[in-house]
Amino acid sequence: MFTSTGSNGFYKAPLSKSLLLVLSAISILLTLLFQHYQKFFVYNLQAIKEDFQIWRLVCGRTVCLDLKDTFCSSLLIYNFRIFERRYGSRKFSSFLLGTWMLSALFDLLLVEIAQYIFGITINSLPSGFLSPVFALFVPFYSSIPRVQVTQVLGHFSITNKSLVYILGLQLLTSGSYIWILALSGLISGICYNSSILKVHRILCVPKWVAKIFSWTLEPVFSSAEPTNEVRVGMGATVDIQRQQRMELLDRQIMMSQVAQMRRQRQQQGGMINWNRLFPPLRHRHNANYQDHHPSEQGIPPPTEVSEEQVARLMEMGFSRGDALEALRASNNDLNVATNFLLQH
């Protein structure tokens, strides 16, 4: 969920902040002051295939030459900063690097498929860091809880995720062939997150590289810890004010769920009814105890629980015992554990 706004909105997200500021600044400079350098950032597929200008796979897929794409992608990076906080900068940068490299291959493949099936000849694609941004919709869809904010006409639900999907749709419709980048990014995100392909073990940022960037760039782009109060600036536009109010409402909904869960736990004697959460696991566990012939070899080892994830759950107000039990029962999945703790 999106809980931080204002100048401190990039707390524990220095990579997201650097991407937003640096890429946006370069895009604006190329558009307003250095138009004669734009030719070096064109994503020209014909030049890549015929003239072997491989460097265009880097320059053409980094900086947007259209300010509309720059604006939409910057807003999406701002909203997706939640993943850097959740996974850490190294894992987040590994996801961006992996999907960026995979999408380069899928871009060329999809262009050839479009030419073979539809007879469309595509010589260039929209420039910019777009495919990794679309790839982030994969974990956004699968791991961010959906919380209803209101309803329109009694049938259409407005959730905490609606604005992000609208921004993605706006970016998708901003260019003629940007759908290729979107499809390439989504396929790359699915492949990178796949537990079968194990791509994340190959395409990742080495630890020593992450340490170098943490020593050099993190002090420059780090942000202070946000305060509890969220103020809306007088100079902010209507859209920014609406986004900040939605984020504040999102935070209030989560805190109300936590408070309701606490009251229910107090009424039940301070412990969560884990039989409601994971009845199959508990049932099998009790069945093993009823059998007086347990096999030591058949007993699986207890799941190792990350202390960092325990600390995150405790920061939300859960006890250490409940956090440990939820993480063990959910196979150390922080999202599943959080959802169950909030809903039961």
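## Exercises: annotated spans and a nonpolar patch

The UniProt annotation "transmembrane region", from an unreviewed entry, covers residues 15–34, 95–118, 124–142 and 163–187. Keep in mind that the model you're looking at is predicted.

**Exercise 1.** Work out how much helix and strand there is in residues 95–118 and in residues 124–142.

*Solution.* Start with residues 95–118: this span is 100% helix and 0% strand. Its end C-alpha atoms lie 32 Å apart. Now go on to residues 124–142, where you get 58% helix and 11% strand. Here the end C-alpha atoms lie 32 Å apart.

**Exercise 2.** Find the residues that make the nonpolar surface patch of about 840 Å², and say which helix gives the most to it.

*Solution.* First, list the members: Ile-28, Leu-29, Leu-32, Leu-33, Phe-34, Tyr-37, Phe-40, Trp-55 and Leu-67. Next, look for the top contributor: that's helix α1 (residues 14–32), with 3 residues.

**Exercise 3.** Decide whether Leu-33 is buried or exposed.

*Solution.* Begin by locating Leu-33: it sits in the loop between α1 and β1 (43–44). Then check the cut-off, since exposed means over 50% relative accessible area. Leu-33 has 55% relative accessibility, so it counts as exposed.

How values were computed. Residues numbered from 1 in each chain as written. Predicted model: local features only at pLDDT ≥ 70, side-chain atom pairs only at ≥ 80, totals over all residues. Heavy atoms only, no water. Patch = residues over 30% accessible without salt bridge, like charges linked within 9 Å, V, L, I, M, F, W, Y side chains within 5 Å. Areas by Shrake-Rupley, 256 points an atom, 1.4 Å probe, with all protein chains shown as cover. Salt bridge = Lys/Arg side-chain N within 4 Å of Asp/Glu carboxyl O. Helix = DSSP H or I, 4+ residues; strand = E, 2+ residues; numbered from the N terminus. Buried < 20%, exposed > 50% of the residue type's maximum accessible area, 1.4 Å probe, protein only. UniProt positions renumbered as here; feature names shortened; annotations may be inferred.
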